[in-house]
Amino acid sequence: MSKRKIVLAFSGGLDTSYALVSLREQGWEVLTANIDTGGLHSGEGDVVRARAEELGSAQHFVIDAREELYARVVTYAVKANYLRNGGYPSCVGAERLVQAEKVVQCALENGADAVAHGSTGAGADHVRYDSVIRALAPHLEIITPIRDERLTREFERDFLRQHGFETSDKVTTYSINEGLIGTSIGGKETYGSWDYLPEDAWESTKAIKDAPEDGVELILAFEKGEVTSATTLDGTPIDGTGPDAPNYAILRSLNVLAAEHGVGRGIHMGSTMVGNLARVGFEAPGMLTLIAAHRELERLTLSNRQQATKLQLGNTYGDLLHEAVYYDPILDDFRAFLDSSQTRVTGEVRVRLQKGNIVALGSRSPYSLLDAATRQGVVYGYGSSLWSGEEARAFAHMYAIPGAIARNAGLAEQPKP
């Protein structure tokens, strides 16, 4: 009788390494799928493959999902200017949608009976994975050793060592998940609300004290809300970008460049989808730079009402993705609104990255509302040819009336006009 087949979402980290060995011991034929959503650097894919084979994977797959992640998730996160609770760009949470879909696809293509992932039951990732699997392949069994057995990282390390597999002590200190959008970092300092992560916990960003004094200035170009180029002031494309580069190249390159200038560190604290408060460190230098530039261009090209409505709907859209509401039709409605809102968000933004700061120095666009007003003679602080001084006085008088009425409501003695 042939073994039952299972596809394990495999990163090569401690949790999925334990899961692979444990599942084999339970009699499964384990296939491993490493979904690259930006966390694999040069040569790391080979390292993960070697680890999977060492631990006994029957077959290992590396699936490049960066293009799809960028097109389906990143572009709309930028259009929405989405930052969870005003500061966190959902570094890894939003990536789980694409990762889980690819794992399910791999399982279906290889005739698997089940899917496994290494999520714990304490965070949100197990809900994200399960939501996708249940929606796309409800017949597949879901196996989650870490969640079901409620294991500590120390236990997993010792288990692997007892089975003859070398495992570093460092993996028990911090849980690190890296992707195109950013990196999340969890450890003992994030379990409470007071301590900050030590310097050696950060993966890519320089400490502000070590960042270059002068910083760097860039020009980011957008077309209908999507970034199309990132250059130095003289027009030279930043490293790794250009006409032949993949669609995610600018974000990938900004992750490296902005990190060198101390940009992108933060600690996010907020409610999870089950209601408890959680805290996690993150590095998202590229995403924070793109959103800052995009928001500045929107200030130039969108009306106040557009910006206010986008803020509300964009946050709701991002929260739904973060909270694993992946397949509700309302998301298509949100995306249609976001696409429509970006019709005139075309132009360039000049940005300085310096000592951990992202400073929007200026913006320009053929759809500039500021330029349109100037052409009609409206110059803020100086006056306008569109109205006279007497008309301005009348407007101020009429504008003050509702406040004056509210201020005087209920007073026994009304002042004489």
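How much of the chain over residues 174-373 is helix, and how much is strand? Select that stretch and look: 32% is helix and 28% is strand, with the end C-alpha atoms 53 Å apart. Helices (H or I, at least four residues) and strands (E, at least two) are DSSP runs, numbered from the N terminus.

Before going on, note that this is a predicted model, where local features need pLDDT of at least 70, side-chain atom pairs count only at pLDDT 80 or more, and totals for chains, interfaces and linings use all residues. Residues are numbered from 1 along each chain as its sequence is written, and side-chain values use heavy atoms, leaving out hydrogens and water.

An unreviewed UniProt entry labels residues 174-373 "domain: Arginosuccinate synthase C-terminal"; such annotations may be inferred rather than shown by experiment. Now select residues 5-165, which UniProt (unreviewed entry) calls "domain: Arginosuccinate synthase-like N-terminal". Here the chain is 49% helix and 16% strand, and its end C-alpha atoms are 23 Å apart.

Next, color by domain, with bounds from an automatic or database domain assignment: domain 1 (5-171), domain 2 (176-302 + 344-369) and domain 3 (379-409). The C-alpha centres of domains 1 and 2 lie 26 Å apart.

Turn to where these two meet. Here 32 residues of domain 1 are in contact (heavy atoms within 4.5 Å) with 33 residues of domain 2. Together the two domains bury about 2,700 Å², 63% of it on carbon and sulfur atoms; this is the accessible area (1.4 Å probe) lost on putting the parts together, summed over both.

The term means a side-chain nitrogen of Lys or Arg within 4 Å of a carboxyl oxygen of Asp or Glu. The count between domain 1 and domain 2 is 1 salt bridge.

Finally, select helix α3 (residues 66-79), which gives 11 residues, the largest share of the side of domain 1 that touches domain 2.
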